[in-house]
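I opened this notebook to keep track of what I looked up, in the order in which I looked it up.

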Amino acid sequence: MIRAWLTQHGFVFFLTLKRLISTPVSSMLSVIVMGIALSLPTGLYVLMENLSSISGQAASSPQMSLFLKLDIKKAEIERIKQRMEADPQIVSFQFIPKDTALHQLQQSNGLTDITASLVRNPLPDAFIVHTLENTSGNLEKLRVEIQNWPEIEHVQFDSVWIERLNALLKLGRFVVLMLTILLSIAIIAIMFNTIRLQILTKRDEIEISKLIGATDSFIRRPFLYFGAIQGLAGGATAWLIMTLAIRAMNEELVTLAQLYDFDLQLQHLSPSDSISLLLFSAWLGWLGARISVASHLWQIEPR
């Protein structure tokens, strides 16, 4: 029983492939249109995931810059170190003497002449502090607490850009969702019309099939396979478009990354996301075919 069922579906599957190959131009155009339509939300999704990864890396290791008063003494610096070592919210810290900071500034391009003309070192001693908390509320509370230490001149922690980036990511995900819904409806409409035309061209064949006792499920099966296969091909096309686009963009990002001394590489879809894309595109094709068959097949009855 199962073997007969598999044989029947295998026959229909290869018959559908043969029909697709027999009309290469129209099939290819439909696949390309679906691939381009799917690549738009997929590309935005990949961009959001890469930005989210960058945001997560920045938020997972928050740091503060503590600038000390210019007239601070070594004993007071040691007292700050002891206080930070005892604070459970501080993971680690690094002391940067003002002489080291000035030397680093002198190494910066275009600032050598400026720093050489300085009579004295205007920079303060500083600490770079890595914290355990990564929420803006807790970090702000810690910043205010450290700012009240008598040895501290200023505490700098710029979390605004992370919050703005997260807000942008939230908006971007909403845009991806809306674009996916709209383009999915467009793909279903394309497949609906494609199957409708096929049903009309095979009207006589369908009538004869019904006359000899073929069931509706048997008649609609090739159309459903056609929609699913074409949708799957559209998903594969979208995946290929994204692969080529990301590869080209990464080549252009190499120059930008070198200028800022930053490792910047866009990551492609993960294996699970790639499989989800292919399954979703196949489902869209199948759904469009299913709706079209349900709307038109019942109208064809043997005369």
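The entries below go from the whole chain to a helix, then to ring pairs, and end with two further helices.

**Entry 1, ground rules.** I am working on a predicted model, in which local features need pLDDT of at least 70 and side-chain atom pairs count only at pLDDT 80 or more, while totals for chains, interfaces and linings use all residues. Residues are numbered from 1 along each chain as its sequence is written, and side-chain values use heavy atoms, with hydrogens and water left out.

I looked up the secondary structure and found 10 helices and four strands, where helices (H or I, at least four residues) and strands (E, at least two) are DSSP runs numbered from the N terminus. Along the sequence I read the pattern α-α-β-α-β-α-α-β-α-β-α-α-α-α. Of the 303 residues in the chain, 34% are buried; buried stands for under 20% relative accessible area, exposed for over 50% and partly exposed for what lies in between, with a 1.4 Å probe and protein chains only. I also noted that, among contacts (heavy atoms within 4.5 Å) with a separation of 6 or more, 84% are between residues 24 or more positions apart.

Helix H3 runs over residues 74-86, and its 13 residues reach 19 Å from first to last C-alpha, close to the 18 Å expected at 1.5 Å a residue; the expected span is 1.5 Å times one less than the number of residues. Which residues of H3 are buried? I found Ile77, Ile80 and Met84. They lie on the same side of H3, because they cover an arc of only 55 degrees around the axis, the arc being that of the directions from the helix axis to the C-beta atoms. On the other side of H3, Ala75, Gln82, Glu85 and Ala86 are exposed. The buried residues pack against strands E1 (63-68), E2 (90-96), E3 (126-131) and E4 (152-156). I recorded one more residue, Arg83, which lies over the face of Trp149 at 4.8 Å from the ring centre; the criterion is NZ of Lys or CZ of Arg within 6 Å of the ring centre and within 35 degrees of the ring normal.

A search of the whole structure gave me three aromatic pairs, counting rings of Phe, Tyr and Trp (its six-membered ring) with centres within 6.5 Å, and calling planes under 30 degrees apart stacked, over 60 edge-to-face and the rest tilted. The ring centres of Phe93 and Phe127 are 5.9 Å apart and their planes stand at 70 degrees, so this pair is edge-to-face. Phe93 belongs to strand E2 and Phe127 to strand E3, 34 residues apart, so that the pair links distant parts of the chain. Phe93 is partly exposed at 27% relative accessible area, whereas Phe127 is buried at 0%. Ring pairs join Phe93, Phe95 and Phe127 into a cluster.

Ser292 sits in helix H10 (residues 271-296) and is buried, with a relative accessible area of 0%. Leaving out residues up to four places away in sequence, Ser292 touches Phe192, Ile195, Arg196 and Ile199. The buried residues of H10 also include Ala289, whose C-alpha atom is 8.9 Å from that of Arg220, 69 residues apart along the chain. Arg220 lies in helix H9 (residues 216-260) and is partly exposed at 23%.
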